[in-house]
Amino acid sequence: MASTERPPQKVTTRSSPRLLWSLPNRAFCGGGEDRPLKVDCANGIGALKLREMENYFSQGLSVQLFNVGTTGKLNHLCGADFVKSHQKPPQGMEMKSNERCCSFDGDADRIVYYYYDTDGHFHLIDGDKIAALISSFLKELLLEIGESLNIGVIQTAYANGSSTRYLEEVMKVPVHCTKTGVKHLHHKAQEFDIGVYFEANGHGTVLFSKAAEMKIKQLAKESEDKKRKAAKMLENIIDLFNQAAGDAISDMLVVEAVLALKGLTVQQWDALYTDLPNRQLKVKVADRQVISTTDAERQAVTPPGLQEAVNGLVKKYKLSRAFVRPSGTEDIVRVYAEADSQESADSLAHEVSLAVFQLAGGVGESPQPNF
């Protein structure tokens, strides 16, 4: 008998002290407002786990599940990577304008948000904006408790330049760049009292040092009313984060709590800053090891002349930057470029890919501008 896919699963909401588990009730019970969220589970484990948790959601958060694994293949035409790379909703999810939606990847360690605006334009909210939302919320709480706990945001070279400028210039939060790979970000985040790290693909979390946790718990018990309230919220949000690894469900719950507590819509969150247009390309080479990098992979050391060529190309465009880095698994070189317009970002990426092809032993046909 042929199987048929179940209709989208709606997670009923009941208040409980165990999930959103310790964040104040007002995070999800303000005025009885219902906050619907559509979740693409990528035909992976996330659907099973969210179903197990349905009895513990606080009132006000209504979650509807799609791509739950009854039909369809893992990560096929759905999931966080698909949505981010194709800039469109996953298969199997119908979206109306201004609906808040998110996608996990198959093993539920990455998450991205997205929505359609009233003009039908698709908006992606990736790991950069998740980090911006969370770090700004945490900094506000730190200012309320008046403690000098240091907070840092860890990014890779793929982080959009607008996100870095927003964090450093608007939020006054220090930003540090590491090599690509969660292990590098995690290690750097451990150097801070509170270390926030997310790759642009939505893989990340927040780490709290033991000393910071002890201080926050102490303030939650001993401070005066206003400070105690902020410290208690910090104490609660520590429990909500999974500090061991990327956890899309945990990150989703934190984001939902912050949006509710701050009274933000998905559109207001998206408007924190505007991403610079960007483009990523691949160039096939005979041997990727001819390229070596420094400065968290943002500068090419070898082959000779490549970084100088990239620098010269970047100067041609406004608000631009570009870098190249070898793949860790195959003989290709990854090119990233961003600029003030999509046309400029595309052009810069193509010109850099030509420089890589010529100077780093490109194979096959010369890169073509096929945007």
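Below are a few worked exercises on this predicted model.

Ground rules: residues are numbered from 1 along each chain as its sequence is written, and side-chain values use heavy atoms, leaving out hydrogens and water. Since the model is predicted, local features need pLDDT of at least 70 and side-chain atom pairs count only at pLDDT 80 or more, while totals for chains, interfaces and linings use all residues.

**Exercise 1. Find where pLDDT stays under 50.**

Step 1: start with the whole protein. The average pLDDT (the predictor's confidence in each residue, from 0 to 100) is 90, and 91% of the residues score at least 70.

Step 2: go to residues 1-32. There pLDDT stays under 50, and the model has 82 contacts (heavy atoms within 4.5 Å) beyond four places in sequence.

Step 3: decide how to treat them. Where pLDDT is low, the predicted coordinates should not be read in detail.

**Exercise 2. Work out the strand order of the open four-stranded sheet.**

Step 1: Strands are DSSP E runs of at least two residues, helices are H or I runs of at least four, and both are numbered from the N terminus. Two strands pair if DSSP finds at least two bridges between them.

Step 2: read off the order, which is β8-β7-β9-β10, with mixed pairing. β8 (175-178) and β10 (204-208) are the edges, each pairing on one side only.

Step 3: zoom in on one pair. β7 (residues 151-156) and β9 (residues 194-198) run parallel and share four bridges; isoleucine 151 has isoleucine 194 as its bridge partner in β9.

**Exercise 3. Is glutamate 297 buried or exposed?**

Step 1: locate the residue. Glutamate 297 sits in the loop between β12 (292-294) and β13 (299-302).

Step 2: apply the cut-offs: buried is under 20% relative accessible area, exposed is over 50%, and partly exposed is in between (1.4 Å probe, protein chains only). Glutamate 297 comes out buried because its relative accessible area is 11%.

Step 3: list the neighbours. Leaving out residues up to four places away in sequence, glutamate 297 touches Lys179, Thr180, Phe323, Val324 and Arg325.

**Exercise 4. Describe how β14 connects to β15.**

Step 1: look at cover. β14 (residues 321-326) has five of its six residues buried.

Step 2: look at pairing. β14 and β15 (residues 332-338) run antiparallel, joined by six bridges, and a hairpin links them through five residues.

Step 3: pick a facing pair. Phenylalanine 323 stands opposite tyrosine 336 in β15.
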